[in-house]
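Colleague: Could we go through this model together? I would like to start with the contacts between chains.

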Amino acid sequence: MDPSTILKEKVQNGFIVEGLEDMNEEYLQALKQTLIIVGDTELLSIPPLLTVYDQAPTLNNKITALAIMQDEIGHAHIAYRLLKDLGQNIDDLLYKREPHRWKNPYAFDFELSNWIELGVFNAFFDRAGYTLLGDAFEYTSYGPWKRALVKVDKEELFHLRNGEVIMRTAMQDPELREEVQKAVDWMFLMALEFFGVEDRLKSRSAQLEYRLKGRTNDELRQKWLSTAVPFCESIGVKVPAHYDEQQQKYVLDVPFPCKFDPVNKKWLVDQPDTWDNVIKRFKQRGPHNKQFVERIQKGAKELEQLRKDAV
Amino acid sequence: MNHTQREVHALTELLETIADHKYVLGDRLVEVGVSGPNIEATLAAIAMAQGELGHARLLYNWCFDLRGIRGKKAEIYGQTGKAFTSIVNVNNWITLIAALYATNLAIDIVWQSFLQANHPAVTSRIQKLIREQQDHLIYAKSWAYELRHEQGAIPSRFAQALNHTVNEVYVWLTEIEKKEELQTEGYLPMNINLANQFKEHLKEVAAESLVQMN
Amino acid sequence: MVATKRKTFDIFARIKRGDPLTHIGTVEAENEHLAKVYASFTYDEEDWSEMTVVDRSQIVWVKKPNWLFAQKEGRVR
């Protein structure tokens with residue numbers, strides 16, 4: 001049997017990969033890709049949050065937001081140190097990579113407009129993170145990552161609850177209800193895009209075959225909807241999705257994917273789109289991709305330049 | 001102001017100044033710290049920012065108590081204007097470490113002096129602050145040492161940045177020494193020499209030469 | 001690109017008395033003082049009863065897993 005078949009069979013039967021010598025090249029590449037996406041997603045969540053950090057209503061809120069940011073950096077750190085143990089040069093990855101090559105979600109290339117959007121960011125995007133990483137925690141065949149995800153799982157739940165508190169509180173204030181709805185209007189579908197292309201369009205998935213994830217994209221999207229929609233309904237926020245009793249699943253009330261206007265942060269629900277075009281939009285990056293990556297890289301680059309300068 | 005009012009006023013001014021330093025430091029640890037040169041240093045900066053802001057809040061609330069303001073405390077939205085200019089002007093990693101190191105060192109020296117005097121109204125309030133600040137000091141000292149021994153223009157740039165904060169610290173510590181009310185009331189020990197203690201500590205990062213003697 | 005060579009430190013911690021001492025992660029640092037501080041800030045998800053950092057170069061492996069595939073030439077570990 002070829003190594004690929006051996007390994008796939010073993011991991012499907014519960015074998016835990018503990019080192020490079022347990023992997024074939026395909027597993028290693030799939031794992032590295034996954035970890036780079038996770039690391040970039042966690043780290044690049046910080047710059048958008050910082051765009052409204054100063055608008056925290058109270059000092060307590062500010063300190064809570066910082067605690068969440070600290071957790072995110074910690075989660076990024078986990079992914080990057082695992083990559084280092086797999087032979088990746090992390091200094092180059094973090095401080096020499098061009099902005100457009102980072103693998104964070106398109107949603108993170110946007111500034112937030114107000115504190116409410118920070119709440120929706122936590123409630124929706126951290127929920128997506130919780131769903132994805134929770135699945136990895138449950139299923140992943142890579143031992144070092146499985147063990148590291150204990151901390152992540154615990155902390156992401158706290159983040160999404162923080163978002164829910166901000167949203168629930170705001171919905172009780174007549175002056176803020178409209179802000180919540182406006183935020184949800186652009187961030188709900190953004191969150192759904194985190195889970196990738198529809199299953200019917202994917203030919204095969206190395207991640208599933210090697211048990212780097214357990215559920216498919218659509219299954220994970222459903223999982224997200226199964227808590228996000230009831231929550232939004234419970235606080236009186238309108239969302240473009242509902243539970244269909246006949247199909248026994250959550251369905252969207254608008255075409256998905258559909259076109260997005262990045263300037264006005266608005267979904268063009270009368271213009272359905274293809275996943276190919278969505279990927280093209282992702283590759284074009286959002287408006288603040290460059291600025292956000294540069295913010296992360298600033299200190300390292302400044303010191304590097306000063307090292308070369310004469311005394 | 002009567003006798004006790006003058007002493008309490010001096011204490012309140014001192015505590016509020018420390019609160020201001022910590023509030024602005026907390027803000028800079030976020031805005032500049034997020035651009036740290038590696039992930040561990042960045043994470044630690046955000047963690048310490050929470051600590052500094054938390055301490056600032058405790059100190060501002062203590063000042064409200066000393067001023068006799070009872071009931072729900074006002075929300076904190078900014079410093080009262082007494083923070084070192086060199087902290088306010090922190091705009092990159094080097095100036096951040098310089099400000100973090102010199103300020104935390106100075107505050108620790110002041111807290112240790114308070115502990116020495118052991119005034120009942122003070123000791124129990126500052127023990128937690130001292131304990132929680134120790135990791136910040138270790139971090140700042142390590143980074144100060146690293147930057148002092150780096151390559152190219154870094155050591156001289158760091159020396160320059162440290163010079164700015166050290167001068168402000170030195171003036172501040174000297175002013176505290178001269179506030180007799182703090183000593184007569186027993187908040188601080190008699191004949192304290194905070195500025196010299198600070199200068200001695202600078203030797204740990206080979207920076208004692210930066211203090212300018214009047 | 002970086003000046004001082006940073007070392008890898010492995011972190012072991014125990015949640016409460018009676019629990020195993022578990023490997024919970026790693027940090028990179030220039031020295032053990034920074035390693036201690038970094039470990040403390042990074043791994044604050046529990047109120048640990050104990051935590052220790054160990055320079056990875058000081059760890060001596062007694063036994064490693066029976067690997068599924070023979071070690072290939074040129075693989076970095």
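Modeller: Glu40(B) and Arg6(C) form a salt bridge, with their closest N and O atoms 3.3 Å apart; the term denotes a side-chain nitrogen of Lys or Arg within 4 Å of a carboxyl oxygen of Asp or Glu. This is a predicted model, in which local features need pLDDT of at least 70 and side-chain atom pairs count only at pLDDT 80 or more, while totals for chains, interfaces and linings use all residues. Residues are numbered from 1 along each chain as its sequence is written, chains are lettered from A and ligands numbered from 1 in the order in which they are written, and side-chain values use heavy atoms, with hydrogens and water left out.

Colleague: How many salt bridges are there between chain C and chain B?

Modeller: The count is 1 salt bridge. There are also 4 residue pairs in polar contact, both at pLDDT 80 or more (a pair of N or O atoms within 3.5 Å; within protein, one must be able to donate a hydrogen and the other to accept it, and residues adjacent in sequence count only if both atoms are side-chain atoms).

Colleague: Which element of chain C gives the most to the side that touches chain B?

Modeller: Helix 1 of chain C does, with 7 residues; helices here are DSSP runs of H or I of at least four residues, and strands are runs of E of at least two, numbered from the N terminus.

Colleague: And what area is buried there?

Modeller: About 1300 Å² is buried between chain C and chain B, with carbon and sulfur atoms giving 62%. Buried area is the accessible area (1.4 Å probe) that two parts lose on being put together, summed over both.

Colleague: Moving on, what do chain B and chain A bury between them?

Modeller: They bury about 2900 Å², 63% of it on carbon and sulfur atoms. On the chain B side, Val34(B), Ile39(B) and Gln50(B) lose the most area to chain A, together 20% of what that side buries.

Colleague: How many salt bridges are counted there?

Modeller: The count between chain B and chain A is 2 salt bridges. One of them joins Arg307(A) to Glu150(B), the closest N and O atoms being 2.7 Å apart. The interface also has 12 residue pairs in polar contact. Helix 2 of chain B supplies the largest share of the side that touches chain A, 11 residues.

Colleague: Which residues line the second largest cavity?

Modeller: The lining includes Leu43(A), Tyr95(A), Val34(B) and Ile39(B).

Notes. On a 1 Å grid over the protein atoms alone, a cavity is a set of points where a 1.4 Å probe fits but cannot get out, and a pocket is an open set with protein on both sides within 12 Å along at least five of seven lines; lining residues have an atom within 4 Å of a point.
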